[in-house]
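I opened my notebook to get to know a new structure, one look-up at a time. Here it is, so that you can follow along.

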Amino acid sequence: MESQKDETGRLIFKQRVQKNISEKELSKGLCSISEYRKIEKGEKAAGRMLLNALFERLGCASDNFSVILEKKQYELYDLHNRIEKAYLMQETEKLYQMTELYKDKISKKARCEHQFYCKMKFLMEEHSYHKIEEVEETLISIIQITIPNFTIDSIFDFYFCKEEIFLCCLLASRYLRYDERKKAKVLLENLMLYVEKSNWDIEEKVKVYPAIVVLLFQVYDVWTDNEKWLSAVQKAISLLSETSRTILIEELLAGYQIGMKEKIRKRQRKFTELEEVNYKNITRELECIRELKKEYNISYKNKEISIQNYEYNEVYLLPEMILDYRTRAGHSQIKLGEMIDIEWETISRYENGRSNPVKKNYWFLSEEMGLPHCKHGVHLPVEKYEIYQKIREIEQYLFRHEFILAEQLFLEIEPLISKERAENKQYCIWIKAILEFSFKRISEREKLQRLETALYCTFPNFCVKKFDFLKHHIPKRHEAILLSQIAVCYEELGERETAIQILKTILDSYKKSKVKEEYHSFVISLVMVNYLEYLGRQGNYKEALDEIEKVLKMQLEFQRGSMIPYLIYAKGWNLLKMEENQMTEEKKELCMKYYRQAYWISGFINDFIMQQKIEKLYRKDFGREICKD
């Protein structure tokens, strides 16, 4: 049945053809050509790591997609992430136990999973190696699991995924450790050129480029290679600013400082006015980052070069989704089974995670429940990846209040979006409402009405007055953001209690899920920013501060900077209000420090609206100019 094919393969096929990559080139080392063809035709669903590797070799940001996983897949995915975290946190005993458990769970044919296991085994047992020849041979053999015939001179003969790039960085770092600088330089400069010239999404480039540049600091001489040094670090910092990331940011800002000092010394002149402003800004941003990392004990001692604790995919558990849908719809297992011609005992096994739906049964379930038709793959809000990329661009423009650019792009793609699917229709109603209100074409009340109309497209039983509306539903990313914006409308219309209850309901829905909250870190942080602001306005300063600590640490761990200024400012403001009647000079200085951190980090991530807001509030609350402190 053609309609029952996995849609992920169609997306991979379109991207591969568009980028003029052959089946053989893309799949080489990851899986056999026959297996790849089945994946592309939709006859076989790829495992999570293989799917990530294919997307990443195509240069697509795979972690921008929502993922629906079956119970065993989720457990393996979570175990993989816990292993990385244990390594970063230096939890040795836990690391050994989980890595051996991972080995027992993976298939022998799963090359990506096997490569990951071999990498972790090397990192754990590296103390037993005494010569660079042993280290080199081992690491190259691990890389060759998915890149046959790899050598440091043959980078441009292959397509790389993120994990393969990091393995090359790991090899380069070991060359440096054993003073094989020439080999390290060849490998790193080849990697840098590969990433710069690749057609990767910016969200993919930013994950690997900073690690390459930080390693190059150990290769380049800051005096003789000053132009190369500064060019590389400026590109890396620019990538981080554009994507609101903080990957290795402390090392990069420090590298920029060193490079600029040597540039001035070498040319025997003073800073120009612009150079001096940039240098001072970088210095202040670096001080803020260091203060934050020290306060929240975020220190991996350059382990980030080989493993980075990224924000994870938006993950949903299939058994949970089936149970939640059936309960929300008021169907018994017998009733749902009759509707899609499946035995009720089979439905029961799906909900308990004891068995997984075969392709045909999953198709029937997805049709009934409105799930994406690609069980193991991505959840696209529209059919074309190119449109999906532009949707993400619009999201970034809106976040930065660049409404003219957002509207121009929306008007370009809106006619191309099929309104037959409920979520597509929802998206168009929603974004139109936000843009119309931003240009003052509609009132706050009308915006609220339109946003609620949009929500009804995928959530017809929503009722704002019933605060258990998410009792049997884990909201998808777009639903949670839409609900958060509805809450903002109620706050603006003077119904703060309603706004707080909506936001609390969203947060509670993720807490009750069997999926860890860290797999919804972006949405939770976004919702939490508004929730904390409204709590503070109600005078619940202590409760707000407790929540800020948890969310801020999560943002720092996942190196996602977009919410950090809002959270730090909220921390300073709530502390200021809580201590208002017994304010000491020491506490006042602490509050001022948080405002300054929020100000400088806003500037780093190019959130100048927030930066200007904090500047005014600093003057109002402390009677001083923030730039002079």
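**Aromatic pairs.** I searched the whole structure for aromatic pairs and found 22. Rings of Phe, Tyr and Trp (its six-membered ring) pair if their centres lie within 6.5 Å; planes under 30 degrees apart count as stacked, over 60 as edge-to-face and the rest as tilted. I picked out Tyr-569 and Tyr-595: their ring centres are 5.2 Å apart and their planes stand at 75°, so the pair is edge-to-face. Tyr-569 belongs to helix α27 (residues 564-578) and Tyr-595 to helix α28 (residues 585-604), so the pair ties together parts that are 26 residues apart in sequence. Both Tyr-569 and Tyr-595 are buried. I also noted one aromatic cluster formed by Phe-158, Phe-160, Tyr-194 and Trp-200.

**Ground rules.** I am working with a predicted model, in which local features need pLDDT of at least 70 and side-chain atom pairs count only at pLDDT 80 or more, while totals for chains, interfaces and linings use all residues. Residues are numbered from 1 along each chain as its sequence is written, and side-chain values use heavy atoms, with hydrogens and water left out. Helices (H or I, at least four residues) are DSSP runs, numbered from the N terminus. Buried means under 20% relative accessible area, exposed over 50%, and partly exposed in between (1.4 Å probe, protein chains only).

**Helices α26 and α27.** Next I followed α27 to its partner, helix α26 (residues 541-557): the two axes come within 9 Å and cross at roughly 155°. Axes are lines fitted to C-alpha atoms, for helices over the stretch in contact, and angles run from 0 to 180 degrees between N-to-C directions. α26 and α27 are therefore roughly antiparallel to each other (over 145 degrees counts as that). I sorted the residues of their contact into 14 nonpolar, two polar and four charged. Here contact means heavy atoms within 4.5 Å.

**Helices α19 and α20.** How do the axes of α19 and α20 cross, and at roughly what angle? Helix α19 (residues 385-399) and helix α20 (residues 403-413) have axes that come within 8 Å and cross at roughly 160°. I therefore wrote down α19 and α20 as roughly antiparallel to each other. From α19, the residues that meet α20 include Ile-387, Ile-391 and Tyr-397, and from α20 they include Phe-403, Leu-409 and Ile-413.

**Two residues in helices.** Is Lys-447 buried or exposed? Lys-447, in helix α22 (residues 444-456), is buried, with a relative accessible area of 9%. Leaving aside residues up to four places away in sequence, Lys-447 touches Ala-433, Ile-434, Phe-437, Ile-442 and Cys-489. Asn-530 sits in helix α25 (residues 521-537) and counts as buried at 17% relative accessibility. With residues up to four places away in sequence again not counted, Asn-530 touches Ser-484, Val-488 and Leu-503.

Most residues other than glycine have a negative phi. Gln-90 lies in the loop between α5 (71-88) and α6 (92-105) and is partly exposed, with a relative accessible area of 43%. Gln-268 has its place in the loop between α13 (249-267) and α14 (273-295) and counts as exposed at 73% relative accessibility.

Notes. Parallel < 35°, antiparallel > 145°, perpendicular 65-115°, else oblique. Nonpolar A, V, L, I, M, F, W, Y, C, P; charged D, E, K, R; others polar.
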